[in-house]
Amino acid sequence: QQIQARTAPDHADIPHLQKTISVIAEIATYIDTKRFLYEGSQRMAAIAGAIQHLPAEQTILKPGRTLIREGGLSSKLDDKLVHCFLFSDALLITQNCQKRERSRSLSGYSNSLLPKRLNFSFSAPPQKSFKYIDLIPLSHPASVTLSNYNDGLFAISTLAENPRSHYFQATFESADVTSLEATDKSWLESLCEVLQISTPTPISR
């Protein structure tokens, strides 16, 4: 683009420059998209390995499922902080917990089996883990309802098998977003986009 800006508009090479810029932009977009998809698949695998007490009939890794965003929300049913993962077809609700730090030797063997002069160890950083609470399918919008309240509170209810509702309110952690583009959308707006519905009109409680 800088070369084009410094080239006379009537120069014979202008069409070639424009075509080259267009091709380079397409390649850059392709690379960015592939990188995002790869990073997304890696994150999905990490999430799947971090969920504790996942029911046998549920699965995190699913063909076509992608991560839209994740972050903390305040559950108003029990006034606890939950960590939610919004996928392209489901909302996973979990409780954040920490695995214990593990002391490992640099060689991978127990410290007691190594000579003292080789007995180096370190504490691996604590790995995040999440306790399963619920997984709400979003692939059938007719079976899910969203309610919007004036004070930032919103509710999601599933009308399918085992009907249930969850009431959430945004927290500072709610800004955590995983997306191709940075967004300042609320959780409710993101849920509506996945369900392909309009944002509900706020109602008073």
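**A close look at one surface patch**

A: Buried residues account for 29% of the 205 residues in the protein, and the model described here is a predicted one. The secondary structure comes to 3 helices and 10 strands, and when the protein is read along its sequence these elements follow the pattern α-α-β-β-β-β-β-β-β-β-β-β-α. The protein exposes about 13,600 Å² of surface, of which carbon and sulfur atoms supply 54%.

The part to look at closely is a nonpolar surface patch of about 390 Å², which is made by Val 23, Ile 27, Tyr 30 and Ile 31. One of these residues, Val 23, has its place in helix α2, the helix that covers residues 14-50. Val 23 has a relative accessibility of 39%, and therefore counts as partly exposed, because that class lies between the limit for buried, under 20%, and the limit for exposed, over 50%.

Asp 151 counts as partly exposed because its relative accessibility is 37%. The C-alpha atom of Asp 151 is separated by 8.6 Å from that of Gln 169, a residue 18 positions apart from Asp 151 along the chain.

As for the protein as a whole, among its contacts between residues at least 6 apart in sequence, 57% join residues that are at least 24 apart.

Technical notes
Residues are numbered from 1 along each chain as its sequence is written. This is a predicted model: local features need pLDDT of at least 70, side-chain atom pairs count only at pLDDT 80 or more; totals for chains, interfaces and linings use all residues. Side-chain values use heavy atoms; hydrogens and water are left out. Patches are made of residues with over 30% relative accessible area and no salt bridge: like charges are joined within 9 Å, nonpolar side chains (Val, Leu, Ile, Met, Phe, Trp, Tyr) within 5 Å. Accessible areas come from the Shrake-Rupley method with a 1.4 Å probe; for residues, only the protein chains shown count as cover. A salt bridge is a side-chain nitrogen of Lys or Arg within 4 Å of a carboxyl oxygen of Asp or Glu. Helices (H or I, at least four residues) and strands (E, at least two) are DSSP runs, numbered from the N terminus. Buried means under 20% relative accessible area, exposed over 50%, partly exposed in between (1.4 Å probe, protein chains only). Contact means heavy atoms within 4.5 Å.
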